[in-house]
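Have the viewer open as you read.

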Amino acid sequence: MSSNHDHDHDDGHHDEGSYLTPRGTLFETVLSWVYTIDHKKIGVMYLTAVLTMFFLGGVSALAVRLELLEPNRIDSVLTIDPTTGAESIETIEKGSFFKSIGLADNLAEANIVYNRAFTLHGAIMVFMVIVPGIPATLGNFMLPLMLGAKDVAFPRLNLLSWYIYVFGSLLAILVILYMGVETGWTFYTPYSTTGDISQWRTTVMVASVFVIGFSSILTGLNFIVTVHKLRAPGMGWFDMPLFIWAIYATSIIQVLATPVIGITLLLLMFERIFHIGIFDPGMGGDPVLYQHFFWFYSHPVVYVMILPAFGVINELIPVHARKHIFGYNAMAFASLGIAAVSFMVWGHHMFASMGEIAAAVFSALTFLVAIPTAVKIFNWVATLYKGSIAFNTPMLYALSFIFIFLIGGLTGLPLATLATDLHLHDSYFIVAHFHYVMMGGTIIALTGGLHHWWPKMFGRMYNEPVGLLGGSFVFIGFNVTFFTQFFLGTQGMPRRYASYVDEFQTLHIISTVGSWLLLIGFLIHLFNFLFSLVAGPKAPPNPWGGLSLEWETESPPTAHNFHHEPLVTHGPYDFDRVLPPHCDPEDFPLPDKPLDH
Amino acid sequence: MTAIDPGTAGENKLSSNAPGWERYKQAEHFRTQEDEFDACTQGFWLFLATEVLLFAGLFCFYAIYRLKYPEAFANGSHYLDPFYGGLNTVVLLVSSFTVAMAIRCAQINNQRWLNINLVITLICAFLFFFIKLTFEYIPKLSQGKAPGAFFSYPYAHDPHEPLWWSMYYMATGVHALHVLIGASLLGFVLFRSVTKQAYGPKHFTLLENAGLYWHLVDLIWIFLFPLLYLIH
């Protein structure tokens with residue numbers, strides 16, 4: 001991509017070492033991370049924090065699934081004392097996992113523990129894992145590299161956003177673990193304003209989400225300015241890798257939507273502390289107004305979660321299929337189109353509480369989202385067509401993503417349709433749908449992207465067969481866990497209940513077993529990554545034959561990213577006409593005739 | 001942004017007597033000082049957009065409950081004295097003018113009037129708080145015109161007046177918090193200007209952005225004033 005590759009014989013520059021090289025003593029090295037303003041180190045710090053949160057959220061998800069393994073039962077047993085003949089009726093409460101491990105004394109308490117467990121799961125996974133998941137980790141690390149910049153526009157702000165994120169997350173987790181929050185991750189009024197009003201726990205929880213919001217705003221703002229101002233010479237807007245376009249669209253939503261949740265949560269805190277009445281019908285307020293405010297942020301944020309995932313897939317498929325992305329401009333504009341439409345669809349979370357005309361308008365607008373999304377799916381499939389596909393872990397994840405996200409997207413349509421939504425809302429159908437798009441979209445793309453960029457980030461290769469094994473477990477486990485929930489939902493199983501009628505048990509057992517397969521898959525990945533860090537083979541600068549700028553520098557990159565400022569002379573997907581840097585031409589040969597695109 | 005990133009990183013040691021703005025060098029990932037200024041200013045405009053959206057929620061609060069309870073809101077605005085609201089509007093407009101003059105003084109390197117203008121701006125910020133507290137918040141609260149559940153004013157005309165007061169205190173309170181933040185930022189700018197002559201023709205990024213912030217604070221008040229005090 002540039003006319004000045006960093007060849008290995010380029011003497012005099014290698015003294016500075018990679019960004020991972022320890023500086024001085026152990027204490028100094030730790031300090032160099034704590035005070036770092038290097039976007040690569042901050043990206044790795046974010047990755048560590050996000051994966052820790054993912055572990056916590058995953059454990060609570062497994063606990064939720066275990067509680068649902070059996071329905072709660074209360075058996076009455078009549079016992080007759082053989083000597084005196086006295087009769088006594090004893091009730092036995094069965095079927096609760098939380099009761100059996102001693103977290104609760106009876107079923108009523110077990111239900112409260114269940115509510116806390118799914119609140120912990122939902123809040124962690126949404127606010128602390130999926131929202132920052134791709135932009136703050138892979139985005140932070142890769143965005144300046146892909147743009148050919150030395151750093152993001154505001155490096156100190158970047159570090160600040162990490163500290164804000166960690167502080168807010170720790171506060172939220174401590175509150176849920178020690179005091180317990182039972183509102184679900186949405187904090188709907190009146191659950192969040194009338195329950196345990198003398199307690200501070202819900203207020204502190206809301207405050208911590210408010211704090212995490214600042215980290216999201218600062219990251220988005222930083223990335224927008226970086227994309228505008230720090231592109232390498234020769235890189236126009238339409239020469240950028242599509243991952244950058246996706247991060248850019250994401251950042252716009254983060255900057256424009258997050259302040260609204262800020263003021264909403266502030267109003268909620270004041271409602272709790274000073275009882276200002278805005279959400280209290282007793283004083284003339286309106287609890288549904290909270291839902292409008294909340295979803296005006298949270299629906300756009302659904303696309304904050306998924307757009308970066310699209311961006312990752314946009315890199316994985318062309319590189320591992322060795323083919324120019326089909327419809328570059330359509331892909332870029334689809335990202336912006338999704339960002340634009342995302343602000344106009346929040347009402348579909350409240351179909352039942354608005355007039356018919358308003359509901360019909362929101363329904364129609366919601367259908368619009370399907371168009372740019374479908375453009376992306378078609379373009380990925382068209383990119384694969386006649387490509388030279390390498391079936392490795394990143395490609396497995398890209399294919400998983402297309403398969404899973406297609407199901408997730410299509411099951412959104414019956415939920416956008418008024419008539420069917422009335423039956424399906426607040427059922428397991430919804431649960432299955434958003435896990436197909438959130439987890440099957442974002443987490444799958446994050447894991448795939450992590451494998452793709454792992455050699456660049458840490459300078460070590462992971463073990464390919466083990467990666468494929470883990471990926472297969474995740475794919476199968478995911479579908480076993482969540483596909484069954486579509487059936488549960490259409491049969492009438494409501495969400496957020498700790499128990500159910502006996503008829504649902506078979507499907508719940510299948511779903512819980514699926515969650516164990518998922519656990520095995522992620523553990524395999526974890527051990528593969530840890531083993532790679534310790535003893536993996538050294539990674540070449542460009543193991544996949546990629547053409548975007550991050551593959552021009554070493555693996556791992558030097559502290560300043562590039563030895564010389566790169567000059568962009570070709571597009572990021574011109575695999576049919578440009579030989580990739582640092583590669584043996586025989587590994588990635590050019591076709592006889594360039595494709596017409 | 002600049003508030004956190006005042007860019008003291010790369011000051012060269014060539015002439016230690018030169019004023020701060022002349023010795024300033026941009027952070028190393030920017031090609032030129034102009035690039036850095038553009039980036040910081042763009043970032044700051046984006047930040048201002050987030051502030052506008054934050055207040056949009058409060059304006060929504062106003063619009064929705066005004067439509068729902070027009071009587072209570074019309075009545076509510078009669079409790080407010082347009083004189084003090086107008087006085088505060090004048091105070092903020094004057095301070096906006098002086099902060100703009102301060103930026104101009106930096107551009108033409110008039111250090112003396114740069115500092116004087118900043119001092120006047122800070123005095124205006126103080127005046128704003130003084131008027132707000134002495135003539136508005138404290139008398140009203142002592143009469144029981146308090147938000148939500150704390151409302152105890154015995155002569156209320158409308159059962160929904162507590163909601164009006166909730167809105168009034170939320171909107172003006174969040175605005176007052178922004179006045180406080182803006183004044184602190186300008187105070188920091190003044191400190192750097194007095195001690196280091198940090199702002200001059202070649203470098204005035206933080207001053208410019210603090211000024212932008214102050215204009216936003218002023219602008220939000222320009223919308224709050226008619227909505228709260230003038231419309232009946």
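Chain A is built from 18 helices and two strands, where helices (H or I, at least four residues) and strands (E, at least two) are DSSP runs numbered from the N terminus. This is a predicted model, in which local features need pLDDT of at least 70, side-chain atom pairs count only at pLDDT 80 or more, and totals for chains, interfaces and linings use all residues. Residues are numbered from 1 along each chain as its sequence is written, while chains are lettered from A and ligands numbered from 1 in the order in which they are written.

How confident is the predictor? pLDDT is its confidence in each residue, from 0 to 100. Chain A has a mean pLDDT of 91, with 97% of its residues at 70 or more. Residues 1-14 of chain A are another story: pLDDT is below 50 there, though the stretch has 27 contacts in the model beyond near neighbours in sequence.

On overall form, the C-alpha atoms of chain A fill a box of roughly 95 × 60 × 50 Å along the principal axes. A residue is buried if 20 or more other C-beta atoms lie within 10 Å of its own, exposed if 12 or fewer, and partly exposed in between, with C-beta atoms placed from the backbone.

Now for a helix pair. The axes of H10 (residues 287-321) and H11 (residues 328-342) of chain A come within 9 Å and cross at roughly 170°, so H10(A) and H11(A) are roughly antiparallel (an angle over 145 degrees). Axes here are lines fitted to C-alpha atoms, for helices over the stretch in contact, and angles run from 0 to 180 degrees between N-to-C directions. Residues making the contact include His299(A) and Tyr303(A) of H10(A), and Met331(A) and Ile338(A) of H11(A); two residues are in contact if their C-beta atoms, placed from the backbone, lie within 7 Å. Phe343(A) sits in the loop between H11 and H12 (356-384) of chain A, and its C-alpha is 7.3 Å from that of His299(A), 44 residues away in sequence.

Moving to the interface, 31 residues of chain B are in contact with 33 residues of chain A. H2(B) gives the most to the chain B side, with 16 residues.

A few residues with their burial counts:

| Residue | C-beta neighbours within 10 Å | Class |
|---|---|---|
| Asn140(A) | 28 | buried |
| Asn561(A) | 25 | buried |
| Gln197(B) | 19 | partly exposed |

Some backbone details are worth a look too. Asn561(A) has a positive phi of about 75° although it is not a glycine, and Gln197(B), also not a glycine, has a positive phi near 50°. Which peptide bond has omega near 0°? That is the cis bond from Thr189(A) to Pro190(A). Another cis peptide bond joins Ser555(A) and Pro556(A), with omega about -10°.

Terms used: Parallel < 35°, antiparallel > 145°, perpendicular 65-115°, else oblique. pLDDT = per-residue confidence, 0-100.
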